Amino acid sequence: MPQRINNTEAAEPSHLDLRPRPVANLKVLRQPTGTIDVDDPFYVRRPVDDSVELRAATEGSTLVFKGPRQVGKSSLLMRYVAACDLAGKDFVLIDLQAASPFEVETLPGFLRFIAERIFSKVEIASDAIPTLTSPGALGDLLESRVLRPRNKPLVIALDEVDRLIGSPIREVGIAMFRHWHNRRAEPRSCWKRVDLAIALATDPTLLITDPTQSPFNVGEVFRLDSFDQAAVQRLNGLYEAGLSLTQLDQLFQLTGGQPYLTRLAFYRLVGPQKTNFDELWRYAGEEDGPFGEHLRSKLLLLHQSKLADAMAEVIRAPGEVGNDLTTYHRLRAAGFVRRDAGKVVPANLLYARFFKTVL
């Protein structure tokens, strides 16, 4: 189980950026959704934020943002891009969640999807894109039409690349980004001015099996996970929730420090339809409770991804990580489970409560 908060930790949140900030204005409070705006007053910085923003000053970097769903990868990616923008770089954000089935399941569709977004960002008409049948053709097109005519550094940021899991073109599609990384080594290469930033939740081997073709083992990896106790205490101050140390401890156990769930809990406590902590704790695991919409969406995801039986087994009997590592990585990537002393267990008390009643 996650560690409990004690008085020493509460008094000295040593793992947090301690630069003074004003308490957030609750009049602008909005329900947490997905990616957090770069100016959101409720955003809690972590040490990885500073490390990522420092990389914005360099050119020709490959960065990998790794962690389960809803731990802040997309939000951190946005902050990296914003820092690159301040550093004078152009950028293009490519969210694979926006791709159609054709665009993630066929190579011509995938290549055109990438090309259209890059061309749009640099204001080149999409009718200038020919039919693309190979990753090399896209690379050559970008070099001749986008990179060589421009002296400005370009950041290509890819989010939700997990969308390619199960796609017949995932290996060749992912290998393309490794090829772009490698092209920086060519003499007088214009790719030296290109930064790649890739966010993913799953184990990279579910996307590409050949390590020599993978972009995930040549870049700098930034791992994100759940909040620690100090971050939860920081949110308690930002939201002006006034929770006691005991309540903070209970909340940490309930959400496991999962960033989205933690922010949602504070929103329920102080938002327009606020509840008190005792009610939040009592009804947390119910389908129509304070986390009901989130829990129902997670249940649907389990069934759609055919992972419900595996999650039910974790709930009934947390066990050792065995030979079925693929199932573990899929559950872990979706944020359902974690490891505790070598065993696979529910990611937090909230999930343990809810899925025990519905699976």
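Helix H3 is mostly covered, with ten of its 14 residues buried (under 20% relative accessible area with a 1.4 Å probe, protein chains only; exposed is over 50%, partly exposed in between). The buried residues of H3 include Leu-76, Leu-77, Arg-79, Tyr-80 and Val-81. Their cover includes helix H2 (47-55) and the strands S1 (62-66), S2 (90-95), S3 (154-159) and S4 (194-200). Helices (H or I, at least four residues) and strands (E, at least two) are DSSP runs, numbered from the N terminus.

The end C-alpha atoms of H3 (residues 73-86) are 20 Å apart, in agreement with the 20 Å that 14 residues should span at 1.5 Å a residue; the expected span is 1.5 Å times one less than the number of residues. Just after H3, Gly-88 has a positive phi of about 90°.

## Basis of the model

This is a predicted model, in which local features need pLDDT of at least 70 and side-chain atom pairs count only at pLDDT 80 or more, whereas totals for chains, interfaces and linings use all residues. Residues are numbered from 1 along each chain as its sequence is written, and side-chain values use heavy atoms, with hydrogens and water left out.

## The five-stranded sheet

Five strands form an open sheet in the order S2-S3-S4-S1-S5, with parallel pairing; two strands pair if DSSP finds at least two bridges between them. S2 and strand S5 (220-223) stand at the edges with a single partner strand each, so one side of each has no neighbour in the sheet. Neighbouring strands are turned by 15° against each other on average, direction ignored.

S3 and S4 run parallel and are joined by five bridges. Ala-157 has Ala-197 in S4 as its bridge partner.

H3 lies across S1, S2, S3 and S4 and runs at about 170° to S3. H2 lies across S1 and S5, at about 150° to S5. Contact means heavy atoms within 4.5 Å; axes are lines fitted to C-alpha atoms, for helices over the stretch in contact, with angles from 0 to 180 degrees between N-to-C directions.

## Aromatic side chains

The structure holds eleven aromatic pairs (rings of Phe, Tyr and Trp, the last by its six-membered ring, with centres within 6.5 Å; planes under 30 degrees apart are stacked, over 60 edge-to-face, the rest tilted). Phe-336 and Tyr-351 form a tilted pair, 6.1 Å centre to centre with 45° between the planes. Both residues, Phe-336 and Tyr-351, are buried.

Phe-110, Phe-177, Trp-180 and Trp-191 form one aromatic cluster.
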